[in-house]
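Try each task yourself before you read the solution.

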Amino acid sequence: PGAGRRIGDSGRAGAAPAKSSKFQEEAMQPQETAPQTAPQVSQSTDCTEPRMDLESSDELILVNQATVEKLTEGLISHYLPDLQQSKTALQELTQNQVVLLDTLEQEIAKFRECNLVLDINMLFTEARCYHNKLINIRKEMITLHEKTTKLKRRALKLQQQRRKDELEREQRKERELERERQLIAKPAKLS
């Protein structure tokens, strides 16, 4: 049991039983002091099991490989259930996020459809407005056509009246000329 540990660099050889229990506790708990260098596996001269050399800034500790494996298994068995629960929770969260994203996409599609419906309603409103404008323009065109037709008739009547008046004037002039001719004295014939 004592062959698995050794204190170096500090100048002390061997360890008292009270100090070996302190080192066992340090080997079981993670150290909060300065970071350790990478462990090195070495073979003990007096033991056939491989050991790991853990070097810190002020002392060197040799730990039995079986102890390291047991500590590793203990650490894994301690944290593995929590990690698996976290993994399951993350998977559920991911699935919920996927469902939520799908729902959000559907809602966005609905809003786009609503906007399209609003756009279509606006188009129908504009179409109604332009249709009313076209009807008004058509009414104005019909009114203008009627007015131009009346004006053409009136112009034709005026033209006919003018011609009639001119014709009557000419006839009057001819009658007056004829009357004047008749009124002009005719010279008497000598017999």
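Let's begin with a term: a salt bridge is a side-chain nitrogen of Lys or Arg within 4 Å of a carboxyl oxygen of Asp or Glu. You're looking at a predicted model, where local features need pLDDT of at least 70 and side-chain atom pairs count only at pLDDT 80 or more, while totals for chains, interfaces and linings use all residues. Residues are numbered from 1 along each chain as its sequence is written, and side-chain values use heavy atoms, with hydrogens and water left out.

**Exercise 1. Find the salt bridge that Lys-110 forms, and say how far apart the closest N and O atoms are.**

Step 1: The whole structure holds two salt bridges.

Step 2: Lys-110 pairs up with Glu-107, and their closest N and O atoms are 3.7 Å apart.

Step 3: Check the spacing. About one helical turn separates Lys-110 and Glu-107, because they're three residues apart in helix α2. (Helices are DSSP runs of H or I with at least four residues, strands are runs of E with at least two, and both are numbered from the N terminus.)

Step 4: Now look at exposure. Buried means under 20% relative accessible area, exposed means over 50%, and partly exposed is in between, using a 1.4 Å probe and protein chains only. Lys-110 has 47% relative accessibility, so it counts as partly exposed. Glu-107, at 34%, is also partly exposed.

**Exercise 2. Which residue forms a salt bridge with Arg-181?**

Step 1: The partner is Glu-178, with the closest N and O atoms 3.5 Å apart.

Step 2: Both residues sit in helix α2, three residues apart, or about one turn of the helix.

Step 3: Arg-181 is exposed, with a relative accessible area of 56%, whereas Glu-178 is partly exposed at 38%.

**Exercise 3. Which residues form the positive surface patch, and which form the negative one?**

Step 1: Patches are made of residues with over 30% relative accessible area and no salt bridge; like charges are joined within 9 Å, and nonpolar side chains (Val, Leu, Ile, Met, Phe, Trp, Tyr) within 5 Å. Lys and Arg count as positive and Asp and Glu as negative, while His and the chain ends are not counted. A charge is placed at NZ of Lys, CZ of Arg, CG of Asp or CD of Glu.

Step 2: The positive patch consists of Arg-169, Arg-172, Lys-173, Arg-175 and Arg-179. Arg-169 belongs to helix α2, which covers residues 65–183, and is partly exposed at 47%.

Step 3: The negative patch is made by Asp-165, Glu-166, Glu-168, Glu-170 and Glu-174. Glu-168 is in helix α2 too, and its 35% relative accessibility makes it partly exposed.

**Exercise 4. Which residues make the nonpolar surface patch?**

Step 1: Leu-75, Ile-76, Tyr-79, Leu-80 and Leu-83 make this patch of about 500 Å².

Step 2: Take Ile-76, found in helix α2: its relative accessible area is 46%, so it's partly exposed.

**Exercise 5. What pattern does the protein follow along the sequence?**

Step 1: Count the pieces: two helices and three strands.

Step 2: Read along the sequence, they give α-β-β-β-α.

Step 3: For the overall picture, 8% of the 191 residues count as buried.

Notes. Areas by Shrake-Rupley, 256 points an atom, 1.4 Å probe, with all protein chains shown as cover.
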